[in-house]
Amino acid sequence: MAGITIEIAPPDDPHWDKAWPVALATGEYLSKVLGVPVTVSDNYGSAHDFQPESG
């Protein structure tokens with residue numbers, strides 16, 4: 001299964017401060033539940049990768 005990428009609006013968007021933590025939590029959750037790598041990005045230089053847990 002291919003990885004998932006979640007992209008949100010860039011940091012100059014007024015809702016970024018609220019959206020970024022939610023996007024990170026969603027990415028971590030999806031990675032754990034679906035067992036696939038997830039990348040969360042604002043498409044402006046901030047990105048975080050979540051790898052599925054093995055075991």
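Helices here are DSSP runs of H or I with at least four residues, strands are runs of E with at least two, and both are numbered from the N terminus.

A word on the model before I continue. This is a predicted model, in which local features need pLDDT of at least 70 and side-chain atom pairs count only at pLDDT 80 or more, while totals for chains, interfaces and linings use all residues. Residues are numbered from 1 along each chain as its sequence is written, and side-chain values use heavy atoms, leaving out hydrogens and water. The pLDDT is the predictor's confidence in each residue, from 0 to 100. Its mean over the protein is 87, and 96% of the residues reach 70 or more.

Now the overall arrangement. The protein has 1 helix and 3 strands, in the order β-α-β-β from the N terminus. Its C-alpha atoms fill a box of roughly 40 × 15 × 15 Å along the principal axes. Of its 55 residues, 24% count as buried.

Which residues of H1 are buried? They are Trp16, Trp20, Ala23, Gly27 and Ser31. Seen down the axis of H1, these buried residues fall within an arc of 65°, so they line one face of the helix; the arc is taken over the directions from the helix axis to the C-beta atoms. In general, an α-helix has 3.6 residues a turn, so residues three or four places apart point the same way. The cover over the buried residues of H1 includes strands E1 (4-7), E2 and E3 (47-50), where contact means heavy atoms within 4.5 Å.

Ser31 counts as buried because its relative accessibility is 1%. Beyond its neighbours within four places in sequence, Ser31 is in contact with Val36, Val38, Phe50, Gln51 and Pro52. After H1 comes Gly35, with a positive phi near 70°.

Next, the strands, which pair if DSSP finds at least two bridges between them. E1 and E2 pair in the parallel sense over 4 bridges. The chain crosses from E1 through H1 to E2 in a right-handed β-α-β crossover: with the strands pointing away from the viewer, the path from the first strand over the helix to the second runs clockwise. E2 and E3 pair in the antiparallel sense, over 4 bridges. Thr39 of E2 is the bridge partner of Thr5, and Thr39 also has Asp49 in E3 as a bridge partner. E2 and E3 form a hairpin with 5 residues between them, and Asn43 in the turn has a positive phi of about 60°.

Finally, the loop between E1 and H1, where Ala9 is placed. Ala9 counts as partly exposed because its relative accessibility is 36%. Leaving out residues up to four places away in sequence, Ala9 touches Trp16 and Asp42. Ala9 and Asp42 are 33 residues apart in sequence, with their C-alpha atoms 5.6 Å apart.

Definitions and conventions:
Buried means under 20% relative accessible area, exposed over 50%, partly exposed in between (1.4 Å probe, protein chains only).
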